[in-house]
There are 2 protein chains.
Amino acid sequence: MLVLVLGADGYIGFPYLIGLCSRNHDVIGVDNLKRRTLVSKVGGKSVTRIYEPYERERAVNEYFNGEYRFVFGDVTDYHFLYCLIKTEEPDAIVNLAQIPSAPYSMRDIRCATETVINNELGTLNLLFALKNIDKTIPVVQLATLGEYGYVNWGELPEGFMEIEYKGRKDVVPVPKQPSSFYHCSKVNMTTFTIFATSIWDLKFTEIYQGVVYGVSLFEEIDQRLYTRFDIDADGFGTVINRFTAQAVINHPLTVYGKGFQKRGYLSIKDSIQALTLAIEKPPKENYRAINQFSETFRLNELAEIVKNVAKELGYNIEIEHLPNPRVEVEDEHEYNPVNKTLKELGFKQTQSIEDEIRETIQIIEQFKHRIRRELLIPKITWC
Amino acid sequence: MLVLVLGADGYIGFPYLIGLCSRNHDVIGVDNLKRRTLVSKVGGKSVTRIYEPYERERAVNEYFNGEYRFVFGDVTDYHFLYCLIKTEEPDAIVNLAQIPSAPYSMRDIRCATETVINNELGTLNLLFALKNIDKTIPVVQLATLGEYGYVNWGELPEGFMEIEYKGRKDVVPVPKQPSSFYHCSKVNMTTFTIFATSIWDLKFTEIYQGVVYGVSLFEEIDQRLYTRFDIDADGFGTVINRFTAQAVINHPLTVYGKGFQKRGYLSIKDSIQALTLAIEKPPKENYRAINQFSETFRLNELAEIVKNVAKELGYNIEIEHLPNPRVEVEDEHEYNPVNKTLKELGFKQTQSIEDEIRETIQIIEQFKHRIRRELLIPKITWC
């Protein structure tokens, strides 16, 4: 089928479209290259060397059966998005075109506004375009597990929950408790999407994803096929990737606060496996919610895992606790999101977190001269 | 005290600041006059004749002790809002600067986007400005009862609720089930506000308000003090006001669908009474939620009330059911929002709905030549 990937130049978007092309799907990838600009703005750069969109396009077309075409464009431009969908008639659409950084959104009013406008208007435009063109095209859209907040519930449901209130039962959207303006923007995307899909009979899957880590989709055959790998603490580097970068330059692993923060995690391989299942198996309902992660860990556990894997590879790294720049629960707490739907779709974790981290370290070792030490320590605080 | 009123030219904003000045508060009123433009855009105009901002300013200063100053400006411009608050050092702020129309937000992608950007960025800017200038200034911000949706619960709580889920109890924000992009934008304002007030220790009251009706604040002493009165079905005319306009031109009262839709209502007098209580009695907590309404009615009941009051005044009006342009529950349903906080603050309904509607009809009779008949029938549909 022909898949339109919005956000095709991002950390997940690029390997995802490679995965689709390797499965003989054709792909049109859209991006405004904003992620590249924003990483430069916060003083970072991708640890892996990344290639220009046309070089990436050529590389994908050299190695895979599915045809790949890159289109420069901005999903916050309704006219652009409408015309593209109208002309190309994709069989499915994946919306990954979001600014994904919590600390970036907390920098100042401009960064908060930029995040909110980019993420929310992209979603609004997509909803209206499909209403006006073809309501049956299935869409997979990236949400985040962080929308729910880190509540002390026995179990965190997928999208909706049956609650009891004063003796009555009802099924309601899970109440959202976001912890940054980025997370707020994702909650708001969900609010728009639940509303619009219900009245317009659209077919959306929202992926409440955990934190993604790793760099390798499969044994890399060409450097042009590497995805980006960000490690900046104030922007786009998420925790495991930052730890692995710290390991290869002999920098202590920096845990924020007490380190009991528990989250869902999955490798980039598994993220793409899951997103592919979601697109190849569209929902019957108007709105399907999938909690997407392989395992849950506390920060302290992750630091130990990275430390141990790094040790096998010859790195002797300390773990250091920094004052927490975020406002979040860092004491012992429960965290148990359901991931029933993903398993029903046939999802299986590809390999252990230790193997994934080993592979990641081995790949980024060759790029270690590109890691800027001063970017590994956060400066942006929540308050 | 000095109160900064954002949205000072609106239906509620203008009589609200008059009320404040009559209670010896000084007021700075900010508006970009967008409501005037938008009503023109949808083909409407205020039934009451409304005056230019400087004429309104002069009239307020002629009659009341509190000093009133109008400032033209846009709350979506952070720099403007920041400088104003920094310079004027208000004792309290009221944020009414929203585009308040559900049908307008459903017209097309441009109107949805305009509503979302205006309402959400105004809120974001206000949150950041207070974080950066003075966290202790209390803010009263307009939300809507419509954020909760029209759920079949025994009771609809204020802002937060204790739920039971799989045997565990927790207090969570009431799950939101908005029914237009306008309502989504209000939900999103709430999402930003709950998050930011909690981490930054701000003092916000959000007013989950019902549908406001009526035109008179007190016996009007000067036509320049009238607020606007919109009756356009596709924009800014809410139901009771539209019914009263229909009555005075002998147009059938148009009920959408079966007419069992039940909502909370309050008169403009009572809205202002309640908003004044909220600003004069600021909260101790960072985020206070108030459900603001006097009574609940079904559409059919309202139509009967307006029909009967109009009959006393010599109008023989029919009730007509139109196909419902909205997607909403129109069968018999429960609707019972709590309004505990408002009563605790000392709120009392000023007069009966019948008396309020009688007064409204008597005022707008003198403007009946300004009512455009064709604006009373909705053309915008939800789907």
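How many bridges join strand 9 of chain A to strand 11 of chain A, and do these strands run parallel or antiparallel?

A: Strand 9 of chain A and strand 11 (residues 262–267) of chain A are joined by three bridges and run parallel. The model is predicted: local features need pLDDT of at least 70 and side-chain atom pairs count only at pLDDT 80 or more, while totals for chains, interfaces and linings use all residues. Residues are numbered from 1 along each chain as its sequence is written, and chains are lettered from A and ligands numbered from 1 in the order in which they are written.

Tyr213(A) has Ser267(A) in strand 11 of chain A as its bridge partner. Strands pair if DSSP finds at least two bridges between them; strands (E, at least two residues) and helices (H or I, at least four) are DSSP runs, numbered from the N terminus. The pair belongs to an open sheet of three strands in chain A, in the order 9-11-13, with mixed pairing. Strand 9 (211–213) and strand 13 (295–298) of chain A are at the edges with a single partner strand each, so one side of each has no neighbour in the sheet. From one strand to the next, the twist averages 45°.

Chain A also has a hairpin, made of strand 6 and strand 7 with two residues between the strands, in which Lys166(A) takes a positive phi near 50°. Strand 6 (residues 160–165) and strand 7 (residues 168–173) of chain A run antiparallel and share six bridges. Glu162(A) has Val171(A) in strand 7 of chain A as its bridge partner.

Chain A also shows a helix pair. Helix 6 (residues 109–133) and helix 7 (residues 181–200) of chain A have axes that come within 9 Å and cross at roughly 15°. That makes helix 6 of chain A roughly parallel to helix 7 of chain A. Axes are lines fitted to C-alpha atoms, for helices over the stretch in contact, and angles run from 0 to 180 degrees between N-to-C directions. Angles under 35 degrees count as roughly parallel, over 145 as roughly antiparallel, 65 to 115 as roughly perpendicular and the rest as oblique. Ala, Val, Leu, Ile, Met, Phe, Trp, Tyr, Cys and Pro count as nonpolar, Asp, Glu, Lys and Arg as charged, and the others, Gly among them, as polar.

Between the chains, 38 residues of chain B are in contact with 38 residues of chain A, contact meaning C-beta atoms, placed from the backbone, within 7 Å. On the chain B side, helix 6 (109–133), strand 6 (160–165), strand 7 (168–173) and helix 7 (181–200) are the elements that give two or more residues. Helix 6 of chain B gives the most, nine residues. By class, this side of chain B has 25 nonpolar, six polar and seven charged residues.

Chain B can be laid on chain A with an RMSD of 0.0 Å by a turn of 180° and a shift of 0.0 Å along the axis. The two copies are thus related as by a two-fold rotation axis. The same surface serves both copies, as 100% of the contact residues of chain B recur in chain A. The superposition is by least squares on C-alpha atoms of residues with pLDDT of at least 70 in both copies.

In chain B, an open sheet of seven strands has the order 3-2-1-4-5-8-12 with parallel pairing. Strand 3 (68–72) and strand 12 (287–292) of chain B stand at its edges, each with a single partner strand, so one side of each is left without a neighbour in the sheet. Helix 7 of chain B lies across strand 5 (139–144), strand 8 (204–209) and strand 12 of chain B, at about 145° to strand 5 of chain B.

Key. Contact = placed C-beta atoms within 7 Å.
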